[in-house]
Amino acid sequence: MILDTVYNVFGAYGCRLDPMFSPMEEEMKIVTDSAADLTPEEVQELGITIAPLMINFPEGQVNAQEITPDEFYNRLEAMSPNIPTTSQPSAGMFADLYRNLAYLKDEILSIHISTGLSGTFNSAQLGAQQV
């Protein structure tokens with residue numbers, strides 16, 4: 001029942017949490033963002049939780065995990081000379097994610113895109129301070 005709640009919270013934010021992992025097998029939980037560009041197989045094998053970055057196209061926002069490279073490049077070409085922007089996960093999303101992962105494991109390693117490229121690290125840090 002508790003694990004169902006954890007999975008529902010992750011899903012509400014568009015986060016990927018491998019449904020096949022056993023929370024008792026890992027020493028710590030690993031969190032990264034979709035800029036890590038991991039394959040679904042790598043995410044599953046390593047039991048990594050992915051916090052999604054959002055891509056802002058003229059027609060709307062898309063979860064970076066839900067678009068293929070071909071779809072991205074087709075949209076990019078269609079909107080030329082403009083380029084899409086991205087938005088980072090919120091501190092509140094990270095706080096919820098960390099709270100739920102802390103239920104499964106005491107240690108969480110959170111690895112993110114450089115602060116020079118995105119505010120994701122700052123959001124993750126603020127979220128961790130709320131837990």
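**Figure 1. Overview of the elements of the predicted chain.** Helices (H or I, at least four residues) and strands (E, at least two) are DSSP runs, numbered from the N terminus. By this assignment the chain has 5 helices and 6 strands, and from the N terminus on the elements run α-β-α-β-β-β-α-β-α-β-α. This is a predicted model, in which local features need pLDDT of at least 70 and side-chain atom pairs count only at pLDDT 80 or more, while totals for chains, interfaces and linings use all residues. Residues are numbered from 1 along each chain as its sequence is written, and side-chain values use heavy atoms, with hydrogens and water left out. Of the 131 residues, 36% count as buried (under 20% relative accessible area, with exposed over 50% and partly exposed in between; 1.4 Å probe, protein chains only).

Figure 2. The 14 residues of helix 4 (residues 91–104) should span 20 Å at 1.5 Å a residue, and the end C-alpha atoms are 20 Å apart, which agrees; the expected span is 1.5 Å times one less than the number of residues. Buried positions in helix 4 are A91, M93, F94, A95, L97, Y98, N100, L101 and L104.

**Figure 3. Close-up of the aromatic cluster.** Ring pairs link F57, F72 and Y73 into a cluster, and the structure holds 3 aromatic pairs (rings of Phe, Tyr and Trp, its six-membered ring, with centres within 6.5 Å; planes under 30 degrees apart count as stacked, over 60 as edge-to-face and the rest as tilted). The rings of F72 and Y73 form an edge-to-face pair, because their centres are 5.2 Å apart and their planes stand at 80 degrees. Y73 is exposed, with a relative accessible area of 51%. The charged end of R75 sits over the ring of F57, 4.8 Å from its centre (NZ of Lys or CZ of Arg within 6 Å of the ring centre and within 35 degrees of the ring normal).

**Figure 4. Close-up of L109 and I30.** L109 is in strand 6 (residues 108–111) and is partly exposed, with a relative accessible area of 36%. The C-alpha atoms of L109 and I30 are separated by 4.8 Å, although these residues are 79 residues apart along the chain.
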